[in-house]
Amino acid sequence: MQLLDKNNRIVHCKSILSEEAVMLKDTISGFELYQATDVDHVMALLDRFGKNSWMLAGGYDSLDWFKNRGKNPEIIIDLAGIEELQGVRELEGKLEIGALTTLTEIEQHPLIKERFSLLAEAAGKVASPQIRNAATLGGNLCQDTRCWYYRYGLNCYRAEGNTCYASGPDALNREHALFGANRCMAVTPSDTAPVLVVLDAEMIVRNAEGERIIRAEDFFMDPAVDLTRMTVLEPGDLLTAIRIPSTWAEQSFYFEKATDRNTWDFALVSVAAAFVLEGGVINDLRMACGGVQCVPRRLRNVEDLVRGRPKSERTAELAADISVSGAQVLNKNHFKVPLMKNLVKRAIRDS
């Protein structure tokens, strides 16, 4: 491996692993590592290396890919030193969060806790404290699906093959999709994605042609459009920041994540919701679930049903029933239906 500075001078060398070692698991193929100093430097590197490059944020998802040799980029662009991609700031009435801001900072930041406690709570439920100290918001949003058939190198639809191994009668698919499956049954693993959909956040994306703004709800890729990507980011795109409008600031929130274990695990099902309550009536709400579809699932049918109704047990039960309308279970994920219903019910009842 070669480590190069901004001027492409080699500052550190390490012998490349032998061919025998590369054949083992938990080994990483050789690559060149560039440590970008600012966003313009990233754009220049992306323009130079194109599809041969890989952008590295916190690194947890990336290193899994590299060790299992699912991905073998020739060029890795380390973003960790770019200060403009870090931190929380107020900008034109919106709260802007740099894509490299760690999940720990988001969990603990006073402005986020005061205005959008929903995001602080979700960030605090990701993995473990050690991981949250390094993992970034942008990385959590852009990480690839955790389907093990895909992760371990099988030639499935998402890997541009011609089958879905999770859809067979004997498949291990208890973590897979209830909705929106189009050949691929994988789900989004991001805990913060449903929250940002609920908060109507904006994703700020930069490339060589300039900057564009993408609504959070449009940021995640529908498998019916493209099976090979989890987001709409194209080669050469860089997610620089997330902006949250004041629309839902300091409203009533609810977040719950159901997992096999309290730490580390990805969500079997999660629910995020924001409510405008007045006199015991739900005047407005937005709700989304994670772990049930390839993209965060916006529950518009629940929103339409509940809006204008009293916050009551009966309203919660009606919402729970309608939330799973259209669910298509696999052989081992039937339990997700009652689990999702219960999370939706508690969100409305206990918000």
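Me: What makes β8 and β10 a pair, and which way do they run?
Reply: Two strands pair if DSSP finds at least two bridges between them. Five bridges join β8 to β10, so by that definition they pair, and they run antiparallel. One contributor is arginine 206, whose bridge partner in β10 is leucine 238. Strands and helices here are DSSP runs, numbered from the N terminus (E, at least two residues, for strands; H or I, at least four, for helices). Mind that this is a predicted model: local features need pLDDT of at least 70, side-chain atom pairs count only at pLDDT 80 or more, and totals for chains, interfaces and linings use all residues. Residues are numbered from 1 along each chain as its sequence is written, and side-chain values use heavy atoms, with hydrogens and water left out.

Me: How do you know what joins β7 to β10?
Reply: Four bridges join β7 (residues 94-98) to β10 (residues 238-244), and the two run antiparallel. Leucine 95 has isoleucine 244 as its bridge partner in β10, while isoleucine 97 stands opposite isoleucine 242.

Me: Why call β10 largely enclosed?
Reply: Buried means under 20% relative accessible area (exposed is over 50%, partly exposed in between; 1.4 Å probe, protein chains only). Seven of the seven residues of β10 are buried, so the rest of the structure largely encloses it.

Me: What makes the largest nonpolar core a core, and which residues have the most contacts inside it?
Reply: A nonpolar core is a set of buried Ala, Val, Leu, Ile, Met, Phe, Trp, Tyr and Cys residues joined through side-chain atoms within 4.5 Å. The largest has 45 residues, and Leu196, Met203 and Ile242 have the most contacts inside it. Apart from it lies another core, of 27 residues, Cys289 and Leu339 among them.

Me: How do you know which residues leucine 196 is in contact with?
Reply: Contact means heavy atoms within 4.5 Å. Leaving aside neighbours within four places in sequence, leucine 196 is in contact with residues including Leu119, Met203, Ile242 and Ile244.

Me: Why say that the buried residues of α13 line one face?
Reply: They are Thr315, Ala316, Ala319, Ala320 and Ser323. Seen down the axis of α13, they fall within an arc of 135°, so they line one face of the helix. The arc is that of the directions from the helix axis to the C-beta atoms. Those buried residues pack against α12 (300-306) and α14 (336-350).
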